[in-house]
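Subject: Handing over the structure

Hi,

Here is the structure I promised to pass on to you. Have a look at it first, and then read on for what turned up.

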Amino acid sequence: MKNGNRKWIPLCVVLGAAAAGVLLATFPPVHKELRTPRLICFGSLSTKTAALLGDPGGDGGGGRVTATEWERRGKGDYAVFQACHMERAATDDSPRVVSALVIQDSQGPPLVLGGPVRLGAGLDGWVRPGRAEAALPAGCARRMGSTAPYLTVQVDVASWDEETMKPAQRAAANRANQAVLREAVTKLTTLYACGT
């Protein structure tokens with residue numbers, strides 16, 4: 001290499017490193033754990049936690065969980081809508097369970113329909129056997145491309161008939177919904193680096 005060309009090598013190295021830094025800042029790396037096949041619903045739930053939904057025993061011991069995911073992309077305040085339809089296979093002592101998890105932007109915080117419940121890690125939400133909801137930390141909507149002030153995670157368990165449930169069943173269902181919300185919020189907050 002000629003001496004005249006050699007003086008440009010340091011500049012090329014610096015520019016290359018700067019370009020790599022811009023790319024990393026623009027596209028932050030996804031946490032490796034969130035790419036494993038054991039995670040469903042846009043990386044927000046483990047199949048083990050999803051199996052808690054609609055589980056009468058409250059221990060996730062039901063059948064295998066499968067999930068179908070779809071999303072609608074928009075603009076402005078309504079840019080985020082991700083829905084996950086889950087089914088847990090029936091076993092001899094556990095019926096087939098159909099449930100859903102929805103991640104979407106919102107103009108307001110979750111409506112308290114079943115009484116406020118402390119979800120841990122400074123997160124508040126509400127739970128009932130058939131439905132539960134929590135808000136992600138401030139900033140998550142923006143990191144996902146929305147201008148809305150809130151981003152919520154909702155859980156719906158169509159299989160539960162709340163009117164006929166016994167107190168122990170209601171308590172177990174509420175605990176399961178809390179666990180699902182906590183994990184979904186925690187994983188999404190990590191994935192989009194939008195914690196408080």
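This is a predicted model: local features need pLDDT of at least 70, side-chain atom pairs count only at pLDDT 80 or more; totals for chains, interfaces and linings use all residues.

**The disulfides**

The count comes to 2 disulfides. One of them is formed by cysteine 41 and cysteine 84, with their sulfur atoms 2.0 Å apart. This pair links distant parts of the chain: cysteine 41 sits in the loop between strand S1 (39-40) and strand S2 (45-46), while cysteine 84 belongs to strand S4, and 43 residues separate them. The link of cysteine 41 and cysteine 84 is left-handed, with -60 degrees about the S-S bond. Are these two cysteines buried or exposed? Both cysteine 41 and cysteine 84 are buried.

Cysteine 140 and cysteine 194 also form a disulfide, and here the sulfur atoms are 2.0 Å apart. Cysteine 140 lies in helix H4 (residues 140-143) and cysteine 194 in the segment after H5, so the pair ties together parts that are 54 residues apart in sequence. With 85 degrees about the S-S bond, the link of cysteine 140 and cysteine 194 is right-handed. Cysteine 140 has a relative accessible area of 0%, so it counts as buried, the limit being under 20%. Cysteine 194 is buried as well, at 4% relative accessibility.

As a reminder of what these links are, a disulfide is a covalent bond between the sulfur atoms of two cysteines.

**The strands around S5**

Next, take a look at strand S5, which covers residues 97-106. Why is S5 described as largely enclosed by the rest of the structure? Because 8 of its 10 residues are buried.

S5 has strand S4 (residues 80-88) as a partner: the two run antiparallel and are joined by 8 bridges.

Another place to look is serine 99, which stands opposite valine 157 in S9.

S9 itself is mostly covered, with 6 of its 8 residues buried. Strand S8 (residues 131-135) runs antiparallel to S9, and 5 bridges join them.

**The largest pocket**

How about the volume of the largest pocket? The figure is about 220 Å³. Its lining includes Phe42, Glu71, Arg72, Arg73 and Gly74, and Ala79, Val80, Phe81 and Gln82 are also among the lining residues. Met144, Gly145 and Tyr192 line the pocket too. Which elements give two or more residues to that lining? They are strand S3 (65-73) and S4. By class, the lining has 6 nonpolar, 3 polar and 3 charged residues.

Asparagine 174 has its place in helix H5, which spans residues 167-191. Asparagine 174 is buried, because its relative accessible area is 19% and the limit is under 20%. Leaving out residues up to four places away in sequence, asparagine 174 touches Val127, Arg128 and Pro129.

Then there is threonine 47, found in helix H3 (residues 47-50). Threonine 47 counts as partly exposed, at 30% relative accessibility. Not counting residues up to four places away in sequence, threonine 47 is in touch with Arg38, Ile40 and Val65. Threonine 47 and methionine 86 are 39 residues apart in sequence, and their C-alpha to C-alpha distance is 9.8 Å.

That's the tour. Over to you!

Cheers

Methods:
Residues are numbered from 1 along each chain as its sequence is written. Side-chain values use heavy atoms; hydrogens and water are left out. Buried means under 20% relative accessible area, exposed over 50%, partly exposed in between (1.4 Å probe, protein chains only). Helices (H or I, at least four residues) and strands (E, at least two) are DSSP runs, numbered from the N terminus. Two strands pair if DSSP finds at least two bridges between them. Contact means heavy atoms within 4.5 Å. A disulfide is a pair of cysteine sulfur atoms within 2.5 Å. On a 1 Å grid over the protein atoms alone, a cavity is a set of points where a 1.4 Å probe fits but cannot get out, and a pocket is an open set with protein on both sides within 12 Å along at least five of seven lines; lining residues have an atom within 4 Å of a point. Grid points are joined across faces, edges and corners, and a volume is the space filled by probe spheres set on the points. Ala, Val, Leu, Ile, Met, Phe, Trp, Tyr, Cys and Pro count as nonpolar, Asp, Glu, Lys and Arg as charged, and the others, Gly among them, as polar.
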